[in-house]
Amino acid sequence: MIDEILAERLETVIPAIMREQGVDFWLLMSREYFEDPVTATMLDAESMHARRRTILVFHDPGDGQPVERLTVSRYGLADLFEASWSPESQPDQWQAVAEIISKRDPAKIAVNFSDLTAFGDGMTLSQYRAFTEALPEGYENRIVSGEALSIRWLESRTPRELEIYPGIVRIAHSIIGTAFSREVITPGKTSVEEVQWWYREKLAELGLTPWFHPSVGIQRQGREGMLRGSEVIQPGDLLWTDFGITYLRLNTDTQHLAYVLKPGETRATAGLVAGLKATNRVQDLLLESFEAGLSGNEVLARARAKALSEGLDPSIYSHPIGFHGHGAGTAIGFWDNQNGDPRGAFPVQAGTTWSIELTNYHKVPEWGGQRVDFRSEEDAWFDGERVRFLDGRQTELTLIPSD
């Protein structure tokens with residue numbers, strides 16, 4: 001399935017983004033165990049790492065012709081790239097690249113360097129020097145940054161990926177549902193860190209991979225901030241988790257809340273219910289603020305203005321998701337910067353997936369007016385007109401009985 005998805009991406013995404021960006025030659029380079037973030041997503045399912053020095057070339061000859069996909073490497077990559085180097089006839093790998101370039105005479109040669117994003121900064125100084133030393137005279141002036149190509153490749157989702165992505169998110173939701181239950185939590189006995197390590201053990205059992213260590217925390221009446229580590233979960237606690245898995249090279253990122261019922265309780269207090277409802281409202285306002293072509297900073301400003309006008313107390317820090325948990329593309333706020341950021345200057349693009357991550361602070365009357373942090377994060381798809389959650393969102397607190 002990984003190879004099917006990759007083949008579809010190479011056939012459809014690559015020509016689209018190269019023509020969108022006006023680039024006719026894109027060169028990617030990785031050394032074994034030190035993969036460019038883009039190259040790592042172009043390896044077939046049986047290639048765990050780049051081998052020795054792996055060089056990939058995309059060339060658009062124009063006039064609607066297919067984009068060439070070449071590998072200038074000792075080892076091939078399934079049938080996805082045409083092998084284009086014979087070390088026996090040309091021992092110098094970079095000279096082989098230079099000969100390919102000279103033959104095709106591209107107007108622009110994109111290589112991955114970027115001051116702003118790691119996703120477009122894969123060309124190391126040593127390899128850049130070796131590459132440019134081999135180039136025929138005059139070609140170095142044609143080198144441009146592959147930053148935009150890198151972002152567009154990584155953030156773009158295909159129909160095949162969108163078929164399977166909701167099921168991957170559903171797996172993550174299901175595991176959270178078990179973590180926030182009496183199967184895992186015994187109020188008065190289970191600690192925060194025990195729930196975190198239950199997640200890790202469960203993923204190992206299922207053959208799944210976490211892309212970060214799961215987070216679990218407690219908010220408790222009369223206590224400031226988030227309680228963590230060895231703190232034992234008690235009746236009356238509001239629990240929070242942040243959990244993400246990687247499956248079929250796609251990532252999830254989810255934050256849910258649960259309430260531990262006190263003895264005799266059958267529902268959460270009205271103030272806690274209202275707190276989650278207010279967070280859902282901030283989500284709604286953010287989703288309706290999406291517009292293709294606007295920068296992430298502009299979407300952030302729109303959503304915050306709407307939320308503040310309704311008397312809400314939001315913090316928005318949403319991000320793209322896909323091949324990476326904190327994926328390539330523009331940011332829509334950061335928890336420590338709600339006023340726009342250089343990383344939010346890129347445009348929001350259609351055909352992308354997002355973690356709608358945010359919170360709204362709400363004063364809970366039953367907790368003496370304590371300001372409580374109602375965090376939420378759900379994965380979603382933006383088709384250019386509308387944002388849809390891949391597997392729904394949490395609209396009710398999960399309830400954990402204490403007796």
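Q: Why do K202 and E205 count as a salt bridge?
A: In this predicted model, the closest N and O atoms of K202 and E205 are 3.4 Å apart. A salt bridge needs a side-chain nitrogen of Lys or Arg within 4 Å of a carboxyl oxygen of Asp or Glu, so the pair qualifies. Both residues lie in helix α7, three residues apart, which is about one turn of the helix.

Q: What makes E205 exposed?
A: E205 has a relative accessible area of 60%. Exposed means over 50%, so E205 is given that word.

Q: Why is K202 called partly exposed?
A: K202 has a relative accessibility of 25%. Buried means under 20% and exposed over 50%, so K202 falls in between.

Q: How do you know that R19 forms a salt bridge with D60?
A: The closest N and O atoms of R19 and D60 are 3.0 Å apart. The cut-off is 4 Å, so the pair counts.

Q: Is D60 buried or exposed?
A: D60 has a relative accessible area of 10%. The limit for buried is under 20%, so D60 is buried. R19, at 42%, counts as partly exposed.

Q: What makes R160 and E4 a salt bridge?
A: Their closest N and O atoms are 3.3 Å apart, and the rule asks for 4 Å or less, so R160 and E4 form one. R160 lies in helix α6 and E4 in helix α1, so the pair ties together parts that are 156 residues apart in sequence. E4, R160 and E163 are linked in a network of salt bridges. The whole structure has 22 salt bridges.

Q: Why does the lining of the largest cavity count as having three charged residues?
A: Asp, Glu, Lys and Arg count as charged, and the lining includes R9, E161 and R249, so these make up the charged class. The lining also has six nonpolar residues and one polar residue. Helix α1 (residues 2-21) gives the most to this lining, with four residues. The volume of the largest cavity is about 80 Å³.

Q: Which residues have the most contacts inside the largest nonpolar core?
A: They are I185, V195, Y199, L239 and F243, in a core of 32 residues. Helix α6 gives the most to this core, with eight residues. Among the residues that Y199 touches are I175, V216 and F243.

Terms used. Residues numbered from 1 in each chain as written. Predicted model: local features only at pLDDT ≥ 70, side-chain atom pairs only at ≥ 80, totals over all residues. Heavy atoms only, no water. Core = buried A, V, L, I, M, F, W, Y, C linked by side-chain atoms within 4.5 Å. Buried < 20%, exposed > 50% of the residue type's maximum accessible area, 1.4 Å probe, protein only. Helix = DSSP H or I, 4+ residues; strand = E, 2+ residues; numbered from the N terminus. Contact = heavy atoms within 4.5 Å. 1 Å grid on protein atoms, 1.4 Å probe; cavity = no way out; pocket = protein on both sides within 12 Å on 5 of 7 lines; lining within 4 Å. Points joined across faces, edges and corners; volume = space filled by probe spheres on them. Lists of a residue's contacts leave out its neighbours within four places in sequence.
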